[in-house]
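Here is a short report on one protein chain. Look over the sequence and the model before reading on.

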Amino acid sequence: KQWYQRRVRGEGVPFRAGSFDGVVSISVLQWLCNADKASHNPFKRLRCFFTMLYSSMRQGGRAVFQLYPESPKQMELITEQATRCGFTGGVVVDYPNSTKAKKIFLCLFAGVPVTGVRMPQA
């Protein structure tokens, strides 16, 4: 229960360095941006999450997040925090002109220089 509560609050989860080659998340990341109480801080949650994730991934590891941001500003916040923690990568939008089928993916690379990043195609 304590592990789950830490994860929900965005405090990170203790994994050894280099534990993961890849990470996949579907419709979870945007919830770290919620601020339902005055004590909730989306910047801190995202920073803590991405710091923990970066340290637990091996160099060259990949993370893909399928998400539904509420606004472009929220997507910018998420992407900015990931970049500040050392990730490279970017956003891929599948079916960009559809309201029902549109999917947004944040594709991140751990320890890969920007010049070495090859983004997937939508």
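## Overall layout

Helices (H or I, at least four residues) and strands (E, at least two) are DSSP runs, numbered from the N terminus. The model is predicted. On that basis the protein chain has 3 helices and 4 strands. Their order from the N terminus is α-β-α-β-α-β-β.

The protein chain has 122 residues, and 34% of them count as buried. Take the contacts in the chain with a separation of 6 or more: 66% of them join residues 24 or more positions apart.

## Helix H2

Helix H2 covers residues 42-56, 15 residues in total. From first C-alpha to last it reaches 21 Å, close to the 21 Å expected at 1.5 Å a residue. Its buried residues are Pro 42, Arg 45, Leu 46, Phe 50, Met 52, Leu 53 and Ser 56. Seen down the helix axis, these buried residues fall within an arc of 160°, so they line one face of H2. An α-helix has 3.6 residues a turn, so residues three or four places apart point the same way.

What caps the N-terminal end of H2? Asn 41 does: one of its side-chain oxygens lies 3.0 Å from the backbone nitrogen of Phe 43.

## The nonpolar core

In soluble globular proteins, nonpolar side chains tend to be buried together. Here the largest nonpolar core holds 21 residues. Phe 50, Phe 65 and Leu 106 touch the most other members. Two or more residues of this core come from each of H2, strand S2 (57-67), helix H3 (72-84) and strand S4 (103-110).

## Arg 62 in strand S2

Arg 62 sits in strand S2. Is it buried or exposed? Arg 62 has a relative accessible area of 53%; over 50% counts as exposed, so Arg 62 is exposed.

Leaving aside neighbours within four places in sequence, Arg 62 is in contact with Asp 21, Gly 22, Val 23, Met 57, Leu 108 and Phe 109. Val 112 is 50 residues away from Arg 62 along the chain, yet their C-alpha atoms are separated by 9.5 Å.

## Cysteines

How many disulfides does a search of the whole structure find? The count is 0. A disulfide is a covalent bond between the sulfur atoms of two cysteines. For Cys 48, the closest cysteine sulfur is in Cys 85, 9.0 Å away, and that is too far for a bond. The cut-off for a disulfide is 2.5 Å between sulfurs.

The two cysteines also have their own surface values. Cys 48 is partly exposed, at 25% relative accessibility. Cys 85 is buried, with a relative accessible area of 12%.

## Two loop residues with positive phi

Ser 27 is not a glycine, although its phi is positive, about 55°. Ser 27 lies in the loop between strand S1 (20-26) and H2. Its relative accessibility is 27%, so Ser 27 counts as partly exposed.

Tyr 95 also has a positive phi of about 55° without being a glycine. Its place is the loop between strand S3 (87-94) and S4. Tyr 95 is exposed, with a relative accessible area of 52%.

Methods
Residues are numbered from 1 along each chain as its sequence is written. This is a predicted model: local features need pLDDT of at least 70, side-chain atom pairs count only at pLDDT 80 or more; totals for chains, interfaces and linings use all residues. Side-chain values use heavy atoms; hydrogens and water are left out. The expected span of a helix is 1.5 Å times one less than its number of residues. Buried means under 20% relative accessible area, exposed over 50%, partly exposed in between (1.4 Å probe, protein chains only). The arc is that of the directions from the helix axis to the C-beta atoms. A polar contact is a pair of N or O atoms within 3.5 Å; within protein, one must be able to donate a hydrogen and the other to accept it, and residues adjacent in sequence count only if both atoms are side-chain atoms. A nonpolar core is a set of buried Ala, Val, Leu, Ile, Met, Phe, Trp, Tyr and Cys residues joined through side-chain atoms within 4.5 Å. Contact means heavy atoms within 4.5 Å.
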